[in-house]
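Thanks for coming. I have one structure to go through today, and I will keep to what can be read from it.

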Amino acid sequence: MARSLDEQESKHRKRADYGYFLSYRTRWSDNDQYSHINNSVYYHLFDSIVNAYLIQHCGLSPSQSTQIGLVVSSHCQFFAPLSFPQVLNLGLRVKSLGKSSVTYEVGVFEEGKDSPAAVGGYTHVFVKSNSRKSTPIGTDMREGLIKMSWMGKTLLNSLMTVRRTDEGF
């Protein structure tokens with residue numbers, strides 16, 4: 001079976017490909033009968049790192065924000081088994097950023113390893129919290145997400161180059 005380009009790219013990710021990290025100490029209950037982390041646990045991990053970033057860096061207050069992100073698609077590719085009592089490092093990046101949606105990618109690393117054991121993520125469509133109708137991503141949210149996107153890193157690098165040129169550096 002031929003692997004997709006995304007799967008090939010995902011397998012070759014490294015820690016340096018991610019800009020925000022969260023540690024997770026696995027629990028006994030994360031393991032399934034096969035003595036590895038159950039597939040469903042990975043989606044809890046994705047949700048934890050994405051929402052931690054949104055709360056800490058994008059101004060999200062889940063119970064009070066006027067807009068929220070709803071998951072419309074998700075995926076995960078597994079490359080190596082993980083299990084209790086390992087400590088994991090979750091890496092986050094924004095893969096694409098649209099007018100009202102964002103696609104996140106999460107690398108799941110065993111502590112001390114540079115290659116991910118799994119790579120997955122999901123797409124949020126932002127909606128008004130009261131009506132659940134699609135809405136453009138708010139300014140604070142967008143600014144925080146741009147910082148995590150490759151587009152944002154390129155944009156920030158371009159701005160720094162222009163600034164250095166303007167200032168005679």
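Predicted model: local features only at pLDDT ≥ 70, side-chain atom pairs only at ≥ 80, totals over all residues.

Residues are numbered from 1 along each chain as its sequence is written, and side-chain values use heavy atoms, with hydrogens and water left out.

Back to the cysteines. Cys 58 is buried, at a relative accessible area of 3%, and Cys 76 is buried as well, at 16%. Buried means under 20% relative accessible area, exposed over 50%, and partly exposed in between, with a 1.4 Å probe and protein chains only.

Now the chain as a whole. Of its 169 residues, 38% are buried. The protein chain has four helices and five strands; these are DSSP runs, helices being H or I with at least four residues and strands E with at least two, numbered from the N terminus. In order from the N terminus, the elements go α-β-α-β-β-β-β-α-α.

Last, helix α3, residues 139-148. Met 141, Gly 144, Leu 145 and Met 148 are buried there. They cover an arc of only 100 degrees around the axis, which puts them on the same side of α3; the arc is that of the directions from the helix axis to the C-beta atoms. Thr 139 and Lys 147, on the other side of α3, are exposed.
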